[in-house]
Amino acid sequence: MSALFHDNPLFLLFAVAALGFMLGRVKVFGVSVGVAAVLFVGLAASAFDPALQLPEVVQQLGLVLFVYTLGLSSGPGFFAAFRRRGARDAGFAAGAVSLGAIVVVALHFILKLDAATTVGAFAGGLTNTPALAEAVQQIRHRSGSATVAAAPVVAYSVAYPGGVLGVIAAMALMRRRFRREGRPSLAPEAHERGGLIAGTIEIEARGAGQALGPLREKEAWPVVFTRLRRDGRLSLTEDGTVLREGDVLGLVGHPEDIQRVQEALGRASDAHLELDRSVLDYRRIFVSNPEVVAVPMKDLPLGERFGAVVTRVRRGDLDLLPDPEAHLELGDRVRVVAPRTKLDEVSRYFGDSYRALAEVDVLSFGLGIALGLLLGQTVIELPGGGASFRLGIAGGPLVVGLILGRLGRSGAFTWALPYGANLTLRQFGMVLFLAGVGTRAGDAFARSLRDGAALKPLLAGACVTCTVAFTTLWVGH
């Protein structure tokens with residue numbers, strides 16, 4: 001059997017991936033390790049037979065796919081995080097990671113750990129696989145030794161389970177403490193907003209005489225006004241629509257936001273305007289046309305060209321309100337209200353092709369990765385001279401992915417990937433990377449367990465996890 005795996009690297013790769021996914025779904029005390037189980041299966045395979053190693057190009061390909069697609073999907077949110085409240089949240093996250101770095105550096109000297117093991121314990125304690133990937137590449141580049149590059153993988157593997165369990169334990173303990181002090185619970189349902197719903201308002205005197213667009217901006221209502229019934233006639237709302245007493249107004253938003261608008265303009269109505277589809281109708285449409293991607297929604301000519309309005313955006317498993325400044329992504333499903341005669345035209349405008357969403361623009365995708373690899377090989381000189389570094393095959397594609405994800409499009413090139421394709425490529429890349437590094441570090445992992453060397457990275461990872469988890473929960477809450 002060992003000879004079969006040794007002679008067929010592809011068979012070894014997919015066997016490790018399949019067994020890892022199977023074990024990753026097993027829950028122990030309600031906890032599973034997910035895709036990280038692929039790493040542990042790879043470690044076990046090469047610990048059993050050190051000759052069972054996947055070619056290095058497997059982990060390199062997986063790493064590039066993972067970080068580039070991660071950058072593409074995170075680009076818009078990454079740069080938006082530096083505006084308004086996002087800057088505070090980004091600073092808080094950076095502070096939490098910096099705290100973990102300070103703790104692990106201190107333990108590096110206290111426990112007399114080597115640098116590679118220290119980095120691996122840090123990544124494992126925070127369950128940060130991209131950090132491990134960058135560490136492996138940088139250490140391999142600088143040392144040229146596969147043995148040295150295996151050290152962070154071993155430390156990560158030892159510290160990872162503690163990183164998962166430590167956060168869960170911290171949440172349980174802090175929840176009990178806050179409950180005793182009468183403070184809000186840490187349970188997610190305590191602050192979870194309701195899903196998007198359709199509401200109807202009958203306008204009363206206090207709401208009459210006001211234009212919808214200026215009123216929504218003034219009150220900062222996060223809702224979308226959709227239909228208006230006046231004197232028995234149904235029409236779409238516009239920003240310039242001036243409300244009259246007795247109007248029936250349809251809107252979409254979260255329940256609590258709809259209630260605020262109802263209290264300000266009138267009272268809740270039992271009318272269901274969305275059920276009247278004689279003149280206006282609605283349809284969910286796939287966004288597959290690259291021309292509408294990376295364009296602020298306020299600049300899409302829906303009202304002028306079709307007399308239509310987008311009421312919801314379905315992205316992955318979430319229903320989102322359309323933000324005038326937000327951009328649509330390939331793979332989104334938009335719910336559009338429009339005159340019945342215009343719906344087919346609106347569908348063609350957005351694309352509405354599920355088949356197109358399954359296709360990847362190989363030209364844009366390959367060019368983006370090539371630019372990332374080129375950036376990764378560029379030597380960057382530090383101020384003062386005498387020191388330089390490279391971003392490597394992890395940092396280069398990640399940085400380029402973030403930038404291209406923010407741009408969305410550049411002329412004829414559409415950098416964004418359909419949502420489903422991005423998730424698939426990212427997961428496949430992660431599997432390749434974990435299987436590759438696992439099968440190349442199993443022998444070192446087995447030796448660390450036999451001679452007790454795994455205890456120090458285990459302790460270091462636990463200290464990082466507990467310090468960051470408790471501090472983050474306390475300060476953030």
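An open sheet of four strands runs in the order E6-E9-E7-E8 with antiparallel pairing, where two strands pair if DSSP finds at least two bridges between them. This is a predicted model, in which local features need pLDDT of at least 70, side-chain atom pairs count only at pLDDT 80 or more, and totals for chains, interfaces and linings use all residues. Residues are numbered from 1 along each chain as its sequence is written, and side-chain values use heavy atoms, with hydrogens and water left out. Helices (H or I, at least four residues) and strands (E, at least two) are DSSP runs, numbered from the N terminus.

- Strands E6 (280-286) and E8 (318-320) are the edge strands, each pairing on one side only.
- From one strand to the next, the twist averages 25°; angles run from 0 to 180 degrees between N-to-C directions, and axes are lines fitted to C-alpha atoms, for helices over the stretch in contact.
- Strand E7 (residues 309-315) runs antiparallel to E8 and is joined to E8 by three bridges.
- Leucine 320 in E8 has valine 313 opposite.
- Helix H12 (residues 343-350) packs on this sheet and touches E6, E7 and strand E9 (333-339), contact meaning heavy atoms within 4.5 Å.
- The direction of H12 makes about 20° with that of E6.

**Five-strand sheet**
- A five-strand open sheet has the order E3-E2-E4-E1-E5, again with antiparallel pairing.
- Its edge strands, E3 (233-236) and E5 (266-268), each pair on one side only.
- The twist averages 30° from one strand to the next.
- Four bridges pair strand E2 (residues 224-230) with strand E4 (residues 248-253) in the antiparallel sense, and valine 224 stands opposite valine 252 in E4.
- Helix H10 (residues 255-265) lies across strand E1 (197-203), E2, E4 and E5, at about 5° to E1.

**Helix H18**
- The 22 residues of H18 (residues 455-476) should span 32 Å at 1.5 Å a residue, which agrees with the 31 Å between its end C-alpha atoms; the expected span is 1.5 Å times one less than the number of residues.
- Buried residues (under 20% relative accessible area; exposed is over 50%, partly exposed in between; 1.4 Å probe, protein chains only) of H18 include Pro457, Ala460, Val464, Val468 and Leu473.
- Seen down the axis of H18, the buried residues fall within an arc of 165°, so they line one face of the helix; the arc is that of the directions from the helix axis to the C-beta atoms.
- Leu455 and Val475, on the other side of H18, are exposed.
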